[in-house]
Amino acid sequence: MYKVANASEYLVITGVGIQEIKLAKKAWILPGQSSSVFDVSPVNYTFEVQAMSAEKLPFVLPAVFTIGPRVDDETSLLKYAKLISPHDKLSNHVKELVQGIVEGETRVLAASMTMEEIFKGTKDFKLEIFEKVQLELNQFGLLIYNANVKQLVDVPGHEYFSYLGQKTQMEAANQAKVDVAEAKMKGEIGSKLREGQTLQNAARIDAETRIISTQRQGEGKKEEIRVKTEVKVYENQREADLAEANADLAKKKAGWDMEAQVAEVEAAKAVALREAELQREVERMNALTRTEKLKAEFLSQASVEYDTKVQEANWELYQKQKQAEAILYEKEKEAAAQKAIADATFYGRQRVADVELYAKQKEAEGLMALAQAQGVYLRTLLDALGGNYAALRDYLMINAGMFQEIAKINAEAVRGLQPRISIWTNGGEAMDGNGSNAMKEVAGVYRMLPPLFKTVHEQTGMLPPPWMGTLSDSKQPTTD
């Protein structure tokens, strides 16, 4: 009989004239010979391998293997024909064989690696599994045509990868929030800084323009007045120079006094501000981003406003000085000298008032910063105590040493009373005779009287009547 196998099949011939088996695509089947056909097309096997890492952490490795006979090697094909072809390649026998090899090699390899090594070196882990599984399949004449190992999965009750993914997501989200807040802060600070510089430059140029214009006008007026009043100016030149020198000296003294007072105020307030800043640093970690943003906004705005006000004040002051100088040349030198002295006095008082105002502002800022730090401190303590105001009050009293102070005050009060303590006793002597008990009671009462009289005398100053007895300097009373 002549038989022909399909494109994906082989004939297995045994019997007369054949030592073991013979493989062929087509052949004559002689009497005394038998034949069978087996398919060499690969089959997909799907597994969910359960393994455990070196830290005893279980996990599931879903995998799909495409396995079939090795058709390019005659020896492997003979092994497959002998060992596997009698069974259906889709039967449980073949599937369990392949699954046992895959699971065994995967578990042995996973047990020698930590979960971090498996997770980070997933590619190398998969490649090593393929190599070890293929080495075992060679003895059955099988070949791994394709293998797809999916992502590692947690075993129910052991959510390692889930928690690891949540950790990574939270770290990325938090870092993104920090980066956004930092970029926003830098943008707002840069914007405020550029706006402030623009306003400062505009104000400076405007002030310089007005100053130059005022100078030109003043020079023209001075030239006109100089021609008209040259003789009178020469007569009063010495007096005017002396008055001008006195005015300049008064102005310089006022400026030096202001700078010294400002330096003292800033030095005194710098300590309080530094203490408030340190206290605020302890509490600011819970709201760092928002605090820095507000700080940048308020500080930049305050700095711009302060510089603008200073420039405006300096421009106004310079304008007033130039106007005063123009009027000084128009008036008589005597009146001009008096006016200069009056301006110097007014300028000195104004600078003193500015110094006092600046000191009060710095003091108020320090108190506000200290109050804000104390508020954050109390709010943090209250949150930590679960909103219990009684517990917060007790903690503040203990921390401030109030209970120790109360105990000390009570002790001082009791010591100031100087209490006197008297100990009474009726004696303990035994008496002989038949009437010992009655006499003992009488003796006890009688012995109790002297300390009683002495105590009354010490507390009230009253003495017992003479017929009851008198008190002496000694401890023993005398009786009539």
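## Salt bridges, cores and surface of a predicted chain

Asp-394 forms a salt bridge with Arg-393, and the closest N and O atoms of the pair are 3.5 Å apart. Asp-394 counts as partly exposed because its relative accessibility is 31%, and Arg-393 is likewise placed in the partly exposed class because its relative accessible area is 48%. The model in which this pair is found is a predicted one, and the count of salt bridges in it comes to 8.

Another of these bridges joins the side chains of Lys-269 and Glu-363, with an N to O distance of 3.9 Å. This pair links distant parts of the chain, since Lys-269 lies in helix α7 (residues 237-283) and Glu-363 in helix α9 (residues 333-384), 94 residues apart. Lys-269 has 23% relative accessibility and therefore counts as partly exposed, while Glu-363, with a relative accessible area of 33%, is also partly exposed.

A further bridge, between the side chains of Glu-365 and Lys-362, has an N to O distance of 3.8 Å. Because Glu-365 and Lys-362 are 3 residues apart in helix α9, about one helical turn separates them. An α-helix has 3.6 residues a turn, so residues three or four places apart point the same way. Glu-365 is partly exposed at 42% relative accessibility, and Lys-362 is partly exposed at 24%.

| Residue pair | N to O distance |
|---|---|
| Asp-394 and Arg-393 | 3.5 Å |
| Lys-269 and Glu-363 | 3.9 Å |
| Glu-365 and Lys-362 | 3.8 Å |

Helix α10 spans residues 389-399, and at its start a side-chain oxygen of Asn-388 reaches to within 3.1 Å of the backbone nitrogen of Ala-390. Just after α10, Gly-401 takes a positive phi of about 70°.

For the chain as a whole, the secondary structure comes to 12 helices and 9 strands, and 23% of the 480 residues count as buried. Of the contacts between residues at least 6 apart in sequence, 62% join residues at least 24 apart. The accessible surface comes to about 33,500 Å², and 56% of this area belongs to carbon and sulfur atoms.

The largest nonpolar core has 37 residues, and those with the most contacts inside it are Phe-38, Phe-65, Ile-67, Val-98 and Phe-125. Among the elements that give two or more residues to this core are β6 (43-52), β7 (58-69), α2 (92-111) and α4 (122-137), and the largest share, 6 residues, comes from α2. Leaving aside residues up to four places away in sequence, Phe-65 touches a set of residues that includes Val-43, Phe-47, Val-102, Phe-130 and Ile-144. A second, separate core of 7 residues includes Ala-5, Leu-11, Ile-13 and Ala-27.

Helix α1 (residues 74-83) holds Ser-76, whose relative accessibility of 9% is under the 20% limit, and which therefore counts as buried. The side chains of Ser-76 and Asp-73 are joined by a polar contact of 2.8 Å, and Ser-76 also touches Arg-70 and Gly-141 when residues up to four places away in sequence are not counted.

On the surface, Tyr-2, Val-4, Trp-28 and Leu-30 form a nonpolar patch with about 470 Å² of accessible area together. Val-4, which is found in strand β1 (residues 2-4), counts as exposed because its relative accessibility is 57%.

Methods. Residues are numbered from 1 along each chain as its sequence is written. This is a predicted model: local features need pLDDT of at least 70, side-chain atom pairs count only at pLDDT 80 or more; totals for chains, interfaces and linings use all residues. Side-chain values use heavy atoms; hydrogens and water are left out. Patches are made of residues with over 30% relative accessible area and no salt bridge: like charges are joined within 9 Å, nonpolar side chains (Val, Leu, Ile, Met, Phe, Trp, Tyr) within 5 Å. Accessible areas come from the Shrake-Rupley method with a 1.4 Å probe; for residues, only the protein chains shown count as cover. A salt bridge is a side-chain nitrogen of Lys or Arg within 4 Å of a carboxyl oxygen of Asp or Glu. Helices (H or I, at least four residues) and strands (E, at least two) are DSSP runs, numbered from the N terminus. Buried means under 20% relative accessible area, exposed over 50%, partly exposed in between (1.4 Å probe, protein chains only). A polar contact is a pair of N or O atoms within 3.5 Å; within protein, one must be able to donate a hydrogen and the other to accept it, and residues adjacent in sequence count only if both atoms are side-chain atoms. Contact means heavy atoms within 4.5 Å. A nonpolar core is a set of buried Ala, Val, Leu, Ile, Met, Phe, Trp, Tyr and Cys residues joined through side-chain atoms within 4.5 Å.
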